[in-house]
Every structure is written in structure tokens, then in C-alpha cells.
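Please look over the packing of helices in this structure. Two single residues also deserve a look.

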Amino acid sequence: MPKKKGYTSQKYKEEMMKILAKQPFMSTNEVSVELSMGYDTTLKYLKELLNSKKIKNKKVGNRRFWYI
């Protein structure tokens with residue numbers, strides 16, 4: 001998927017934070033669909049946010065749910 005015009009990695013992370021603020025406990029797939037991003041790219045940015053302690057996650061079965 002081509003990168004959205006004007007979107008930096010920081011902009012993607014900001015958009016993810018906005019989405020999670022409105023709709024907590026979203027799966028990785030739900031976030032990727034909401035932002036029209038690839039699954040692997042979404043997971044990469046979510047893990048970066050997790051490592052910087054801006055978001056949290058909970059694993060249920062084989063799925064990860066993300067929240068602030």
C-alpha cells in the first residue's frame with residue numbers, strides 16, 4: 001500500500017491515538033481497517049506506542065486488543 005500523502009510515522013501514531021481514545025479495545029485488524037493501512041505496518045506502530053508507554057494491550061486468545 002502506498003504511503004498516504006503527508007503522513008509521517010508520527011502522524012500515523014497520532015491518528016492511532018485518536019482512534020483508540022474514541023473506541024478503546026480495538027484489535028490490530030480493526031485499527032488497520034480504520035486507517036486503511038496494512039496489518040504489519042499497523043502492528044509496527046502500535047508496538048512502538050506500546051514501548052513508549054502511550055498505549056496498553058491485552059491479549060485474548062490469539063488476538064491483541066489495544067487501549068489507552
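## Basis

This is a predicted model: local features need pLDDT of at least 70, side-chain atom pairs count only at pLDDT 80 or more, and totals for chains, interfaces and linings use all residues. Residues are numbered from 1 along each chain as its sequence is written, and side-chain values use heavy atoms, with hydrogens and water left out.

## H1 against H2

Helix H1 spans residues 9-22 and helix H2 spans residues 28-35. Helices are DSSP runs of H or I with at least four residues, strands are E runs of at least two, and both are numbered from the N terminus. H1 and H2 pack at an angle of about 115°, with their axes 11 Å apart. Axes are lines fitted to C-alpha atoms, for helices over the stretch in contact, and angles run from 0 to 180 degrees between N-to-C directions. H1 and H2 are therefore roughly perpendicular (65 to 115 degrees; under 35 is roughly parallel, over 145 roughly antiparallel, the rest oblique). Their crossing is right-handed (the near helix is turned clockwise from the far one by less than a right angle).

From H1, the contact draws on Tyr12, Glu15, Met16, Ile19 and Leu20. H2 supplies Val31, Glu34 and Leu35. Contact means heavy atoms within 4.5 Å. Six of these residues are nonpolar, none polar and two charged (Asp, Glu, Lys and Arg count as charged; Ala, Val, Leu, Ile, Met, Phe, Trp, Tyr, Cys and Pro as nonpolar; the others, Gly among them, as polar).

## Glu15

Glu15 sits in helix H1. Its relative accessible area is 16%, so Glu15 is buried (under 20%; exposed is over 50%, partly exposed in between, with a 1.4 Å probe and protein chains only). Leaving aside residues up to four places away in sequence, Glu15 touches Tyr7 and Leu35.

## H2 against H3

H2 and H3 pack at about 110°, with axes 9 Å apart. That makes H2 roughly perpendicular to H3. Thr28, Asn29, Val31 and Ser32 of H2 meet Tyr39, Thr42, Leu43 and Leu46 of H3.

## Ser52

Ser52 lies in the loop between helix H3 (39-51) and strand S2 (56-60). At 42% relative accessibility, Ser52 is partly exposed. The Ser52 side chain reaches the backbone oxygen of Leu49 at 3.0 Å. Pro24 is 28 residues from Ser52 along the chain, and their C-alpha atoms are 18 Å apart.

Key
Polar contact = N/O pair within 3.5 Å; in protein donor to acceptor, adjacent residues only side chain to side chain.
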